Amino acid sequence: MPISRRTLAAAAALCLALPLSACGSGGDGGGSTDASGKVEGDITFQTWNLRANFKDYFEGVIADFEKKYPDTHVKWVDQPAEGYADKISADAAGGTLPDVVNVSPDLVAPLAKAGLALDLDKAAAKYKKEYLAGAWASHRIPGMTGTYAFPWYLNTGPLFYNKSLFKKAGLDPETPPKTYDDLFADALELAKKSDGKVATLANVPTIEDFGRYGVELMNKQGTAFAFNDAKGVQMLAKYKELYDAKALDPQALTATPESSGRKFLTEAVAMNPGSALDLGNFKKQAPNLYKNIGITDQITSTGHVNMYVMGVMVNSKTRHTPAAVAFAHFVTDAEHQMSFAKKVAIFPSTAGSLDDPYFTKEDGTDETRVRVAAAKSLKNAVNYTPVLFSEQMKTALRNEVAKALQGKESPKAALDNAVKQCNTLLQQQG
C-alpha cells in the first residue's frame with residue numbers, strides 16, 4: 001500500500017491536456033459543485049492497492065455509510081500500485097473517472113488543472129476545521145485557488161542513528177544532532193575518526209531535503225522553481241564537503257531507500273530515516289544494531305518536519321455531488337481515520353486525533369516510542385515536495401546534484417541547471 005509518497009515514473013503521464021468534455025462519471029459531462037442536496041445515488045469509490053490487506057475494513061465503512069444514507073449505493077474498486085497514475089490518466093481522458101478517488105497531491109494536481117477535481121473550499125468548506133491545517137493545505141495547487149482533496153492518512157518518521165558508531169567517534173551517543181550545523185559537524189567527525197570507513201548519510205539531498213533546510217522551492221504563483229537560491233547553494237556545497245570527506249556514502253549517487261536501509265542495517269552508515277515498521281526488521285536482522293539504536297527527530301531548519309499525505313478527491317463531473325462529498329468526508333472523518341490508523345502504522349489527518357492516548361501514551365516499547373514521537377511532530381508538519389514536482393523533475397535534480405558532488409559542476413551551476421530543466425518541464429505540463 002502507498003504509505004509514503006510512491007516513486008511512480010508514470011506520474012508524468014497524468015500531465016496531459018485532459019479533454020474536459022470527455023470527463024465525468026458516466027461521461028455525460030454533467031456535475032454540480034453544490035453538495036448541499038439530498039445524499040442519494042450510485043457512486044464509485046477507487047482506492048490504491050488497499051483491498052488485499054483491508055477488505056473487511058472498507059466493506060464495513062461502505063456498509064455503515066449505506067445504512068446512514070439508505071438511498072445510496074457505493075461500488076468499491078481497488079487498483080494495483082503499479083500503473084496507478086496511468087490508470088487515473090486514462091480514466092480521466094476517457095470520461096470514466098470514478099466519483100471518489102484515492103490520490104496523492106502530485107496525482108491530484110493535473111486533474112485539478114483540467115477541471116476534474118472538485119474544489120472543496122467551495123463545496124465542502126464546513127468540514128475544513130475538522131482537519132490539521134497542514135494536511136488540508138497539502139492538496140492545494142500553486143497558481144490556483146481552492147483545495148482539491150480531503151486529506152486522508154499521513155506518515156512521517158524519525159531519524160535512526162547508531163549509538164555505537166557515535167561513541168566510537170568520540171561523540172555523545174545520547175546527544176544526536178538537532179540542527180543541520182550539528183549534523184554536518186558530526187558527520188565530518190565520524191568520517192575522520194573512522195578514516196572514511198563510516199559515512200553518516202547514505203542519500204543525496206532531494207527536493208524535500210531542500211525544503212526542510214528552509215529553501216524556497218517555488219515562487220508563490222507556482223510558475224517557476226526557486227531552489228537555486230543562496231540557501232539551496234549553501235546546502236549543496238555542504239553535501240559536497242561531506243562527499244569529499246566520505247561522510248556521505250560513496251554510493252549515495254545511485255542509492256535507493258532500500259539500499260540506504262541496508263547500509264544502515266549493516267552499520268556502514270550512522271544515520272537513516274525510517275518508521276516504526278523498521279524496528280521489527282532491526283530486531284530480527286541486526287540484533288546488535290537494535291541494541292544500539294538511537295531515535296531522534298527529523299532535522300529541519302523550519303521547525304516543521306516533512307510529512308507524506310494521501311487524499312480522497314471528488315470528481316467534479318460526478319452526477320451525485322452530495323453523495324460523493326458525503327462519502328469522501330465519511331471515509332476521512334475522525335472516527336474512521338482513527339480506526340484505520342490502529343490497523344496499520346499510519347496517522348490520521350483529523351484535528352485532535354493525534355491527542356488520543358494511542359498517539360501520546362508510551363508503554364515502554366520502541367514501536368510506541370516512535371509512534372508517539374511521529375504523532376507529535378505531525379501536528380505542524382508540511383508536505384515539502386511541491387505538488388507540481390514530477391518524476392522527470394526529480395530525475396533532473398538528482399542528476400545535477402550528482403554532477404556537483406563529483407566536482408563536474410559548481411553547486412550554483414548545478415542548481416541553476418536543475419531549475420532551468422524543471423521550469424521547462426513545468427511549462428510543458430501546461
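Contact here means heavy atoms within 4.5 Å. Keep that in mind for the first stop. The model on screen is predicted.

**Stop 1: T156**

Select T156. Look for it in the loop between β4 (150–155) and β5 (159–162). Is T156 buried or exposed? Its relative accessibility is 6%, so T156 counts as buried, since buried means under 20%.

Now show what surrounds T156. Leave out neighbours within four places in sequence, and T156 is in contact with Q298, V305, N306, M307, F347, A374, S377 and L378. Which side chain makes a polar contact with the side chain of T156? It is that of Q298, at 2.7 Å. Then turn to N306. Its backbone oxygen lies 2.8 Å from a polar atom of the T156 side chain.

**Stop 2: strand β3**

Select residues 100–103. This is strand β3, and both of its faces are covered. V100 and N102 are buried on one side. V101 and V103 are buried on the other.

Strand β1 (residues 41–48) pairs with β3 in the parallel sense, over 2 bridges. Strand β8 (residues 308–314) runs antiparallel to β3, and 4 bridges join them. Click on V100 to see both pairings at one residue. F45 stands opposite V100, and V100 also stands opposite V314 in β8.

**Stop 3: strand β1**

Stay with β1 and colour it by burial. How many of its 8 residues are buried? The count is 6, so β1 is mostly covered.

Bring in strand β2 (residues 72–79). It runs parallel to β1, joined by 8 bridges. For one example, select T44. Its bridge partner in β2 is K75.

**Stop 4: the second largest pocket**

Move on to the second largest pocket. Its volume is about 670 Å³. It is lined by 22 residues, and the closest to its centre are P142, L217, N383, Y384 and P386. Colour the lining by type. It divides into 10 nonpolar, 9 polar and 3 charged residues.

Zoom in on P142, one of the residues closest to the pocket centre. P142 is found in the loop between α5 (133–137) and β4. With 26% relative accessibility, P142 counts as partly exposed. Not counting residues up to four places away in sequence, P142 touches M218, Q221, G222, V387 and L388.

Draw a distance from P142 to A413. The two are 271 residues apart in sequence. In space they are 26 Å apart, C-alpha to C-alpha.

**Stop 5: two positive phi angles**

Finish with two loop residues. Select K246, in the loop between α9 (230–244) and α10 (257–265). K246 is not a glycine, yet its phi is positive, at about 65 degrees. Its relative accessibility is 46%, so K246 counts as partly exposed.

Then select E267. Where is E267 found? It is in the loop between α10 and β6 (271–273). E267 has a positive phi of about 65 degrees, although it is not a glycine. At 23% relative accessibility, E267 counts as partly exposed.

Definitions and conventions. Residues numbered from 1 in each chain as written. Predicted model: local features only at pLDDT ≥ 70, side-chain atom pairs only at ≥ 80, totals over all residues. Heavy atoms only, no water. 1 Å grid on protein atoms, 1.4 Å probe; cavity = no way out; pocket = protein on both sides within 12 Å on 5 of 7 lines; lining within 4 Å. Points joined across faces, edges and corners; volume = space filled by probe spheres on them. Nonpolar A, V, L, I, M, F, W, Y, C, P; charged D, E, K, R; others polar. Buried < 20%, exposed > 50% of the residue type's maximum accessible area, 1.4 Å probe, protein only. Pairing = 2+ DSSP bridges. Polar contact = N/O pair within 3.5 Å; in protein donor to acceptor, adjacent residues only side chain to side chain.
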